[in-house]
Amino acid sequence: MVAATHINRERESRGVLLSFVKSIQERDIVTYEHSRRVATYAQRLARCLGWSRREARNLALAALVHDLGKTWIANTILNKSDVLSEVGRRTMEKHPLIGARILIGCDVDSFYVEPVLYHHEAWDGHGYPTGLHGEEIPLSARILSVADVYDVLTSQRPYKAALSEAVARERLLLGSATSFDPTIVRAFLHLLDTRPNFTLPQRVCPLPERVAQFSPVLVDSMTSL
């Protein structure tokens with residue numbers, strides 16, 4: 001009975017999350033495509049760290065909505081082509097809390113809420129929104145953080161050019177033990193070293209029609225590990 005209840009709740013959580021994935025695509029295609037790539041990197045990284053296929057796919061689903069809170073931020077801030085003002089930066093930094101509150105309000109399982117809420121926390125405690133330190137930060141969020149930052153670094157944005165894989169790699173190394181969990185950085189760099197063409201291209205593609213059940217098809221660039 002308990003197991004059946006857990007399975008039903010997990011299924012319901014996935015349905016809610018998938019509806020939000022579609023809303024992100026419709027609201028902001030750039031955030032949607034960024035989230036697809038981050039989901040792929042996070043899934044591969046989780047598998048490299050020993051997570052099961054199911055756990056890694058669930059983390060990928062959380063990654064698909066990690067920037068859900070941004071869809072509630074004004075376009076004047078979200079699409080700004082230069083450096084944000086202090087007020088704009090503080091507004092943008094609310095997006096993890098906004099996203100987490102939306103998911104909590106929909107009774108989504110806490111496994112999915114934690115990486116959304118904590119993916120901007122820093123290993124040295126200087127992150128946001130709560131200033132967690134080291135292993136206080138859930139492992140799911142620590143994995144997502146590295147995947148997220150790598151994609152931001154290697155993506156072109158209105159306010160910056162895309163960095164090369166080599167430069168992005170150096171940035172991750174510089175942030176190891178300050179912004180990021182060193183163990184996770186090492187695992188990510190191992191993937192970069194051992195998987196040819198690891199970095200995914202930027203592209204725009206439609207969300208598959210069938211989203212009632214979560215599967216690797218949802219992020220078609222994901223590969224089984």
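Select Asp 109 to begin: leaving aside residues up to four places away in sequence, Asp 109 touches Arg 9 and Ser 13, contact meaning heavy atoms within 4.5 Å. The model is predicted, so local features need pLDDT of at least 70 and side-chain atom pairs count only at pLDDT 80 or more, while totals for chains, interfaces and linings use all residues. Residues are numbered from 1 along each chain as its sequence is written, and side-chain values use heavy atoms, with hydrogens and water left out.

Asp 109 sits in the loop between helix 6 (95–105) and helix 7 (110–118); helices are DSSP runs of H or I, at least four residues, numbered from the N terminus. Its relative accessibility is 15%, so Asp 109 counts as buried (under 20% relative accessible area, with exposed over 50% and partly exposed in between; 1.4 Å probe, protein chains only). Display the backbone nitrogen of Phe 111, which the side chain of Asp 109 reaches at 2.9 Å.

Next, select His 120, in the loop between helix 7 and helix 8. His 120 is partly exposed, at 23% relative accessible area. Among the residues that His 120 touches are Pro 96, Tyr 128 and Asp 148. The side chains of His 120 and His 95 are 3.5 Å apart in a polar contact (N or O atoms within 3.5 Å, one able to donate a hydrogen and the other to accept it; residues adjacent in sequence count only if both atoms are side-chain atoms).

Finally, select helix 9 (residues 165–175), where Ala 168, Leu 172 and Gly 175 are buried. Helix 8 (139–154) and helix 10 (182–194) are among what covers these buried residues. After helix 9 comes Ala 177, with a positive phi near 75 degrees.

Terms used. Helices (H or I, at least four residues) and strands (E, at least two) are DSSP runs, numbered from the N terminus.
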